[in-house]
Amino acid sequence: MAAHRKPRQRSLGGQTARTAFTLALAGAATATAFDGTGQAEPNLTPAQVKAKVAKLYQEAEEATEKYNGAQEKATAAEQRLKNLRDEAARKEEKLNSAREALGSMAAAQYRSSGLDPSVQLALSDDPDQYLDGAAFAERAGDRQSAAVTRFRGQLREIEQLRGAAHVELASLRTRQAELNAHKKTITGKLDAARRLLSRLTAAERSRIGEGDVATPTGDRASRASTDGRTGLPAPGSATADAPNSRAAAAVSYAYSKLGSPYVWGATGPNAFDCSGLVLASYRSAGVSLPRTTYAQIGAGQRVSRSELLPGDLVFFYSGITHVGLYIGNGQMIHAPNPSAPVRVAPIDEMPFAGATRVV
């Protein structure tokens, strides 16, 4: 009987257990490193954190401008779709009136001389298909033929409008998908910046010029520890040196918004992103600008850095992803990022890419 006993299973103990435990830890560490939540990255100095955060903010702003462009296109597609649907509804009302008129005409003819083909038209589930019958044109009188021709034209117009509306709806859905993708990118970059800043003490964050790490990011408002106005000169000199009254009005508006929070996608009046601030400043002066930095740089006359005057738009980075409003003396007003409010800053703060005078 002993030959039929099952071999006793050995428990994991001693060296075997330690080996298994070590392998499990190694596997867990590897998985953690791959999903980006591990602590494998060495401790960064405040300067290194600042550099990484600045890069994340730049990438988030690039995604923000793409978001703004997609939003602009989505809004336009939505308006076109609404217009097409409104026009189709108006034409359908006219079509129904024409159908009733044809039906009345056919009923009168039926009472006097029997069933007229117009009756069949009025009662048909598919009038357009019925109208394709060549015999109808031969039997209908001139008056009925003209009415039927108008009716047929209205059917064609409605079908064309419905087709155009279908195209616009597809375009709108594409833009909405783009918006969601850009929004995900933006919030991801901003959350990553917040996590990096959370490694620093409040004193370290203050030394590198970053705001409160507890401030929400994404599409909610954020304010820095200062309001952006401390120690600033009055806008008088900047507006006096502006090339015209509209540029002066834009500069004055930007000054009035110092300390306003940065919110990506916002164009005021209480919060802004970089291109939104520029757009709102000139909107207050009666000048319409495109929504995105990519379009704003082409909205006026290009000027060199040596020719800058208050009110000029100054652009930064090779991808033209940031813009500010020049106010003179090498300074601009801009909406920097979620850790800082609208403020005055030197244009040397970022890689200069070009400038435009819009008025």
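Modeller: Tyr-67 is buried, and so is Trp-264. Buried here means under 20% relative accessible area, exposed means over 50%, and partly exposed lies in between (1.4 Å probe, protein chains only). This is a predicted model, in which local features need pLDDT of at least 70 and side-chain atom pairs count only at pLDDT 80 or more, while totals for chains, interfaces and linings use all residues. Residues are numbered from 1 along each chain as its sequence is written, and side-chain values use heavy atoms, with hydrogens and water left out.

The search of the whole structure finds two aromatic pairs. Rings of Phe, Tyr and Trp (its six-membered ring) pair if their centres lie within 6.5 Å; planes under 30 degrees apart are stacked, over 60 edge-to-face, the rest tilted. Tyr-67 and Trp-264 are edge-to-face, at 4.8 Å centre to centre and 90° between the planes. Tyr-67 lies in helix 2 and Trp-264 in the loop between helix 9 and helix 10, so the pair ties together parts 197 residues apart in sequence. Helices (H or I, at least four residues) and strands (E, at least two) are DSSP runs, numbered from the N terminus.

Phe-316 and Phe-352 also form an edge-to-face pair, with 6.1 Å centre to centre and 80° between the planes. This pair links strand 2, which holds Phe-316, to strand 6 (residues 352-357), which holds Phe-352, 36 residues apart. Phe-316 is buried, with a relative accessible area of 0%. Phe-352 is partly exposed, at 27%. The charged end of Arg-305 sits over the ring of Phe-352, 5.0 Å from its centre. That label requires NZ of Lys or CZ of Arg within 6 Å of the ring centre and within 35 degrees of the ring normal.

Now the core. A nonpolar core is a set of buried Ala, Val, Leu, Ile, Met, Phe, Trp, Tyr and Cys residues joined through side-chain atoms within 4.5 Å. The largest has 57 residues, of which Tyr-282, Leu-313 and Ile-333 touch the most other members. Elements giving two or more residues include helix 2 (46-113), helix 6 (142-197) and helix 10 (274-283). Helix 2 gives the most, with 13 residues. Ile-333 touches, among others, Ala-254, Leu-277, Ile-327 and Val-344, not counting residues up to four places away in sequence; contact means heavy atoms within 4.5 Å.

Helix 10 is largely enclosed by the rest of the structure, because nine of its 10 residues are buried. Among them are Cys-274, Leu-277 and Tyr-282.
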